[in-house]
Amino acid sequence: MGSIRFGIAINFPLRRFLAAIYLLLIHHCSAQEGECTMSFFDQIQTRSESINSLLCVGLDPHQKELPADQWAASEESRCEAAFQFCKRIIDATAEHTVCYKPNAAFFEALGTKLGNLTLRRVIDAIPDDIPVLLDVKRGDIGSTAAAYAEACYDEKDGLNAGGVTLSPLMGWDSVSPFITGKYADKGAFILCKTSNPGSNDILALSLQQQTVFEKIAGLANEWSSSAASESPTSSTTPRLGLVVGATDPLALSKARKAAGSKLWILAPGVGAQGGDLDAACRAGLNDEGTGMLIPVSRGISRASDPGAEAMKLKEGINAARKAVLEQRGEKRKQPGDSIAPYQKEFLEFSLKEGVLKFGSFVLKSGRTSPYFFNAGLFSSGSALHKLGKAYAAAIMSSKELVDEDGNVTFDVVFGPAYKGISLGALVCSALYSDFGVETGFAYNRKEAKDHGEGGILVGSSMAKKRVLVVDDVITAGTAIRESHTLLQKIEATPVGVAIALDRAEKRSLEDPLSAVQAVARDLEIPVVSIVALPQLKEYLKLSSEYDEDVLKFVSEYRSKYGV
């Protein structure tokens, strides 16, 4: 894999062609060989863009995958069977995969004489424009690490791989030989939070403010910078990526946050290990909807048509990518410009449950409103499930409560007594199930308890933590202000409020602010709602179930009282 060859098809998309040419031109040329080379991760980026894929195909010639008679006959026989097994997959899937990932262990198990030779034979059979990631998980220091690197990379006497997987637990000097010096254009994925359950034994251990795997994710950036300083090239792409299991979306999200958007993540576990593709994409994709490879081995090798299965997987990944980008795109929309899918669904099931009604209703303020909202009527399991999902979607679509890397800006969800208690629990559950976001949950009692744990606070500790308050509506703002005072007394930091409905109407004709705006102003925190009056009006415009009079009355009400 020492050189890159591009075969441009007539129907090759222009922007991908230009991206490939651009990436090719910015990389240095080898004066000795007289040919242009690209760094491993630039090859990954270029290949991904050129074929519109995040699929990585594993080549694992396990004994169970090969004919029993050929395995038992001789080392030569099983090595030939292993080669043909891999060659069949390569020939069938080349147009769909970003890279191939042969696992060295399965080739070593073929035999001491021909196992590695068969691995090199397989690598040589891979088209030159497809990167090879050798899955070896090496981890040693000094001359031993340098010897491992030479065995993996050397074009003449080694395996001629483009990148490797490594264990980082022995530190920078165990990684350095694989991405510096004469191997400055190579790359490595370091084990961060693997897909096996036992990874929690070490990688999930807490180190004060972060876990071991979050520390590793941060080190990948630091070490990439060290490699660039030690062995500079014209490439600015990080030389390290991370291995983070798709089976743990929460860890994947935290690793992405700690690593930033530039590092690539290899996310095994989709398919045979039970990882959820949609959840993994939500947690691991960067802002561009890329930066993550989904490796699949058995799901392809055991398919009757590996090529068709690879195409199906690629399309499934792309569908998940599209959904994630569309969801994130909702954050950039200005309030009132349109109605998001989750808002439309919320309004529909609110109407179905009788929570939201249109008609003529006299409010406590004395105003006659064309609609009425009573969250207490969310009183069935299905309605509460949908309510929690709607809150979670609104929170994750909010630029005030989610940072640029897609991470929430709070640690604990607080539900003020009494209505807020169930709402807070629903929000915590939905954030985790739908977005892989883990937060604490706490609530208060109206009366202090003088036995058991005592006090008025129950649940996760909120001291010195960032807290999101959840309630149904803000009428006067009294409950929210009381919650704010309570949180400050225990040295918690209120960072926002999430509510179901913002009526977005003036408190009085002389006061231009709504109750929600007044809370946001006085407490200096954002208030996020699932829907507001503008979305209600937009829904009526799009709906064929309500006549023009309903829209007219809501529009007139908004014109008179709306902020």
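I take buried to mean under 20% relative accessible area. K193, at 4%, therefore counts as buried. The model I am reading is predicted.

Entry, whole chain. I counted 20 helices and 22 strands. Of the 563 residues, 54% are buried. I looked up contacts between residues at least 6 apart in sequence, and 72% of them join residues at least 24 apart. The accessible surface is about 25,700 Å², with 51% of it belonging to carbon and sulfur atoms.

Entry, salt bridges. My search of the whole structure gave 17. K193 sits in strand β7 and D248 in the loop between β10 and α10, so the pair ties together parts 55 residues apart in sequence. D248 is partly exposed, at 21%.

Next I looked up R481, which forms a salt bridge with D522 at 3.0 Å, N to O. R481 belongs to helix α17 and D522 to helix α18, so this pair links parts 41 residues apart in sequence. I found R481 partly exposed at 25%, and D522 partly exposed at 38%.

Shared partners join K101, D135 and K137 into one salt-bridge network. Within it, I read 2.7 Å between the closest N and O atoms of D135 and K137. D135 is buried at 7%, whereas K137 is partly exposed at 41%.

Entry, helix α6. I listed its buried residues as G115, T118, L119, R120, V122 and I123. Their cover includes β3, α4, β4, α5 and β5.

Entry, surface charge. I noted a negative patch formed by D287, E288, E404 and D405. E288 lies in the loop between α11 and β12 and is exposed at 62%.

Notes: Residues are numbered from 1 along each chain as its sequence is written. This is a predicted model: local features need pLDDT of at least 70, side-chain atom pairs count only at pLDDT 80 or more; totals for chains, interfaces and linings use all residues. Side-chain values use heavy atoms; hydrogens and water are left out. Buried means under 20% relative accessible area, exposed over 50%, partly exposed in between (1.4 Å probe, protein chains only). Helices (H or I, at least four residues) and strands (E, at least two) are DSSP runs, numbered from the N terminus. Contact means heavy atoms within 4.5 Å. Patches are made of residues with over 30% relative accessible area and no salt bridge: like charges are joined within 9 Å, nonpolar side chains (Val, Leu, Ile, Met, Phe, Trp, Tyr) within 5 Å. Accessible areas come from the Shrake-Rupley method with a 1.4 Å probe; for residues, only the protein chains shown count as cover. A salt bridge is a side-chain nitrogen of Lys or Arg within 4 Å of a carboxyl oxygen of Asp or Glu. Lys and Arg count as positive and Asp and Glu as negative; His and the chain ends are not counted. The place of a charge is taken as NZ of Lys, CZ of Arg, CG of Asp or CD of Glu.
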